[in-house]
Amino acid sequence: MTIKIRKLDKKDEKSLIDICFITGDLFLKEVFPDPYLFSLFWCLYYVWYETNNSFVAFDTKTKKVIGYILSTLDTKKQEEDFKKTTATLIKNRIKEIKIKSLKTRIIAHFIINKPTSKKQRNLLKRYPAHLHINILLEYQRQGIGHRLMQTLESHLINNNVIGYHLEVGAKNNLGINFYKKYGLELVNKNRFTFTFARDLTCSS
Ligand SMILES: CC(C)(COP(=O)(O)OP(=O)(O)OC[C@H]1O[C@@H](n2cnc3c(N)ncnc32)[C@H](O)[C@@H]1OP(=O)(O)O)[C@@H](O)C(=O)NCCC(=O)NCCS
């Protein structure tokens, strides 16, 4: 196996932007068709502020990053920081690349300003960490996703995190099956997203 798992490094930024956009949700790519804008929503925050809690899969033959798992230990704090650090950059980027679409602006506003529901607050008490995982298509189904999940889980346990959760698109059957097979619990679902979680208090 030529794939090594290592900590995320700030110099991986370009590779992460590419992977994030290439493997991203098709509907969201239509709404945010610019890779940098897309990455501002789903990966750049972690490159800038969460390298300690994130990992990449690196092909030692080609010397390329081919996948990643990004995480934060404390979602509540991360969401507040995201608004302070990245929301303005998103608005500026939308202006800079002259996106006129109302749909893009409305969805961007909704994602940035999404209120935290009571249900979400309760979820965060039990499962405070969250993650994003993406692997290039040609490297999928080789066990790399499982290796990244295991690496992150050990990291979370070593940092005394009591649980983690993640959201996956309701139409992303590949992702949903992957999390089910990995043994995560389906804790919430609606028309758009499924939320999976794991309690880590019995694992330490
Ligand atoms: C979801 C995702 C992370 C899974 O990663 P992956 O590396 O393909 O996952 P794994 O290889 O560990 O497991 C996937 C399947 O391959 C199988 N597998 C594991 N090791 C294998 C190997 N050496 N050879 C062949 N198959 C293998 C697993 O048993 C699993 O089987 P299943 O599909 O029947 O459940 C990946 O498909 C992805 O990045 N998708 C695009 C982005 C995305 O949807 N992210 C999640 C949304 S939040």
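**Entry 1: Gly 67**

I looked up Gly 67 and found it in strand β3. The model I am reading is a predicted one. Is Gly 67 buried or exposed? I recorded Gly 67 as buried, because 25 other C-beta atoms lie within 10 Å, and the cut-off for a buried residue is 20 or more.

I then asked which residues Gly 67 is in contact with, leaving aside its neighbours within four places in sequence. My list reads Ile 19, Val 56, Ala 57, Asn 134, Ile 135, Leu 136, Tyr 139, Ile 144 and Leu 148. I also checked Leu 89, which is 22 residues from Gly 67 in sequence. In space, the C-alpha atoms of Gly 67 and Leu 89 are 25 Å apart.

**Entry 2: Helix α9**

Ile 144 and Leu 148, two of the contacts of Gly 67, are also among the buried residues of α9. Helix α9 covers residues 144-158, 15 residues in total. From its first C-alpha to its last, α9 reaches 21 Å, close to the 21 Å expected at 1.5 Å a residue.

What covers the buried residues of α9? I noted that the cover includes the strands β1 (3-7), β2 (55-59), β3 (64-72), β4 (129-135) and β5 (163-169), together with α10 (173-181). After α9 comes Asn 160, and I read its phi as positive, near 60°.

**Entry 3: Helix α3**

In helix α3 (residues 35-42), I found Leu 37, Phe 38, Ser 39, Leu 40 and Phe 41 to be buried. Their cover includes α1 (13-22), α2 (26-31), α4 (44-49), α6 and α7.

**Entry 4: Helices α6 and α7**

I next examined how α6 (residues 87-96) packs with α7 (residues 102-113). Their axes are 11 Å apart and form an angle of about 175°. The two helices are therefore roughly antiparallel, since an angle over 145 degrees counts as such.

On the α6 side I listed Ala 87, Ile 90 and Ile 94, which meet Thr 104, Arg 105, Ala 108 and Ile 112 of α7. By class, this contact has five nonpolar residues, one polar and one charged.

**Entry 5: The whole protein**

Finally, I recorded the overall picture. I counted ten helices and seven strands. The radius of gyration is 17 Å, which agrees with the value near 17 Å for a compact globule of 204 residues. The C-alpha atoms fill a box of roughly 50 × 45 × 30 Å along the principal axes. Buried residues make up 30% of the 204 residues. Among contacts with a separation of 6 or more, 69% join residues 24 or more positions apart.

Terms used: Residues are numbered from 1 along each chain as its sequence is written. This is a predicted model: local features need pLDDT of at least 70, side-chain atom pairs count only at pLDDT 80 or more; totals for chains, interfaces and linings use all residues. Helices (H or I, at least four residues) and strands (E, at least two) are DSSP runs, numbered from the N terminus. The radius of gyration is taken over C-alpha atoms; the globule rule is 2.2 Å times the number of residues to the power 0.38. A residue is buried if 20 or more other C-beta atoms lie within 10 Å of its own, exposed if 12 or fewer, and partly exposed in between; C-beta atoms are placed from the backbone. Two residues are in contact if their C-beta atoms, placed from the backbone, lie within 7 Å. Axes are lines fitted to C-alpha atoms, for helices over the stretch in contact, and angles run from 0 to 180 degrees between N-to-C directions. Angles under 35 degrees count as roughly parallel, over 145 as roughly antiparallel, 65 to 115 as roughly perpendicular and the rest as oblique. Ala, Val, Leu, Ile, Met, Phe, Trp, Tyr, Cys and Pro count as nonpolar, Asp, Glu, Lys and Arg as charged, and the others, Gly among them, as polar. The expected span of a helix is 1.5 Å times one less than its number of residues.
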